[in-house]
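Try each task before reading its solution.

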Amino acid sequence: MKPSQKKLLSLAWLLQAGSFVVNSLAPAAYATDLLYVAVIVIALWLIDVRQIVGVASGATALIAAGMFAVPFQPRIVDTHFLIEGIMAVVAIWLIVFFAVRYRSTMKELDRSRTTLDDAKRNAELDEARLRSILETAPEAIITIDDKGIVESFSSSAEALFGYTPDEVIGHNVKILMPSPHREQHDQYINRYLVTGERRIIGIGRIVEGVRKDGSVFPMELAVGEVVSGDKHVFTGFIRDLTARQRMEQELRQAQKMEAVGQLTGGIAHDFNNLLTVIMGNLEMLEARYGQEGRAGVWIKEAYETAEHGAQLTGSLLAFARRQP
């Protein structure tokens with residue numbers, strides 16, 4: 001108990017003792033029992049309800065004792081004094097009752113206010129967390145209601161589609177879709193809400209999106225669902241597949257080139273072996289028939305052609321071996 005509360009409690013009991021003395025010495029015609037009511041009003045400033053009830057109980061006991069404290073005759077035989085005492089007791093306990101009810105109501109209001117403040121802080125914290133996720137998530141995140149109206153649009157979605165949140169929030173999400181999905185999107189949602197058949201929700205698939213400039217791009221779409229009462233909220237997680245598909249195409253092209261290189265190297269190697277035999281035979285023919293005459297001319301032409309073939313196979317082998 002605080003020192004100020006101790007002083008107030010001591011003052012209340014001291015005033016009650018004074019009221020008892022005045023009540024005992026005053027004639028029965030004076031309404032001195034009302035002094036106790038004033039004491040109770042002062043005691044209402046006490047924090048602890050049990051202290052207030054204790055002071056009220058003490059006042060009630062002193063009023064009852066005062067009926068027998070007159071030196072000459074008991075006041076209990078005086079009807080006026082008896083009614084005065086009963087009214088004082090009733091007034092005291094009515095004041096205590098309403099004071100206790102008031103304090104109980106104020107405590108309930110404080111608890112309710114605290115609960116509301118906590119709920120508000122939690123809601124603000126949840127909103128801040130959601131905003132942080134929307135601003136920092138590498139994937140584009142879009143939330144829509146069961147009518148297809150956009151409720152949130154993350155920073156990554158803004159960078160991906162080229163729209164600002166103000167240009168998208170409050171509008172139907174089909175503006176981010178190319179035809180024919182744009183015209184059929186509302187039917188997709190209605191069919192799911194009626195039949196419960198999942199085609200994208202919880203599954204994910206590769207679809208196409210359209211940017212603000214009209215360009216269409218491939219994207220991977222995964223959709224989650226949150227149900228609160230009769231309200232459905234859908235969250236879409238979007239990943240741009242443009243770079244991945246370009247890399248896949250480059251990889252396929254590289255694989256094709258590697259296969260062509262292997263085939264070219266094999267053909268060039270085998271053809272080079274054939275040219276080696278041909279050139280060897282031409283050298284023997286040239287040694288036998290010489291370079292003069294018609295046979296010499298044919299041998300020379302064939303030999304030059306074989307050398308051109310050897311140069312070609314050399315280029316093919318350099319291509320197969322990834323050489324200049």
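## Exercise 1: Two helices, α8 and α9

The buried residues of α8 pack against α9. This is a predicted model, and everything below is computed from its atoms.

**Task.** Find which residues of α8 are buried, which residues of α9 are buried, and what the latter pack against.

**Solution.** 
- Step 1: select α8, which covers residues 242-289. Its buried residues are G261, T264, G265, A268, L275, M279 and L282.
- Step 2: turn to α9, residues 293-320. Here the buried set is G296, I299, A306, G309, T313, L317 and A318.

**Task.** What span should helix α9 have at 1.5 Å a residue, and how far apart are its end C-alpha atoms?

**Solution.** 
- Step 1: α9 has 28 residues. The expected span is 1.5 Å times one less than the number of residues, so α9 should span 40 Å.
- Step 2: the C-alpha atoms at the ends of α9 lie 41 Å apart, which agrees with that expectation.
- Step 3: With 48 residues, α8 reaches 68 Å from its first C-alpha to its last, close to the 70 Å expected.
- Step 4: Just after α8, G290 takes a positive phi of about 75 degrees; α9 is followed by R322, with a positive phi near 60 degrees.

## Exercise 2: Around F153

**Task.** Is F153 buried or exposed, and how are the rings of F153 and F161 arranged?

**Solution.** 
- Step 1: F153 has a relative accessible area of 6%, so F153 is buried. F161, at 1% relative accessibility, also counts as buried.
- Step 2: list the contacts of F153, leaving aside its neighbours within four places in sequence. They are I141, I142, E158, F161, Y163, T164, P165, V168, I169 and L176.
- Step 3: count the aromatic pairs; there are two. In the pair of F153 and F161, the ring centres are 6.4 Å apart and the planes stand at 45 degrees, so this pair is tilted.
- Step 4: Ring pairs link F153, F161 and F217 into a cluster, and R211 lies over the face of F217, at 4.1 Å from the ring centre.

## Exercise 3: The whole chain

**Task.** How many helices and strands does the chain have, and what share of its residues is buried?

**Solution.** 
- Step 1: the chain has nine helices and five strands. From the N terminus on, they run α-α-α-α-β-β-α-α-α-β-β-β-α-α.
- Step 2: of the 324 residues in the chain, 28% are buried.
- Step 3: the accessible surface comes to about 21100 Å², and 61% of this belongs to carbon and sulfur atoms.

Note on methods:
Residues are numbered from 1 along each chain as its sequence is written. This is a predicted model: local features need pLDDT of at least 70, side-chain atom pairs count only at pLDDT 80 or more; totals for chains, interfaces and linings use all residues. Side-chain values use heavy atoms; hydrogens and water are left out. Contact means heavy atoms within 4.5 Å. Helices (H or I, at least four residues) and strands (E, at least two) are DSSP runs, numbered from the N terminus. Buried means under 20% relative accessible area, exposed over 50%, partly exposed in between (1.4 Å probe, protein chains only). Rings of Phe, Tyr and Trp (its six-membered ring) pair if their centres lie within 6.5 Å; planes under 30 degrees apart count as stacked, over 60 as edge-to-face and the rest as tilted. A charge sits over a ring if NZ of Lys or CZ of Arg is within 6 Å of the ring centre and within 35 degrees of the ring normal. Accessible areas come from the Shrake-Rupley method with a 1.4 Å probe; for residues, only the protein chains shown count as cover.
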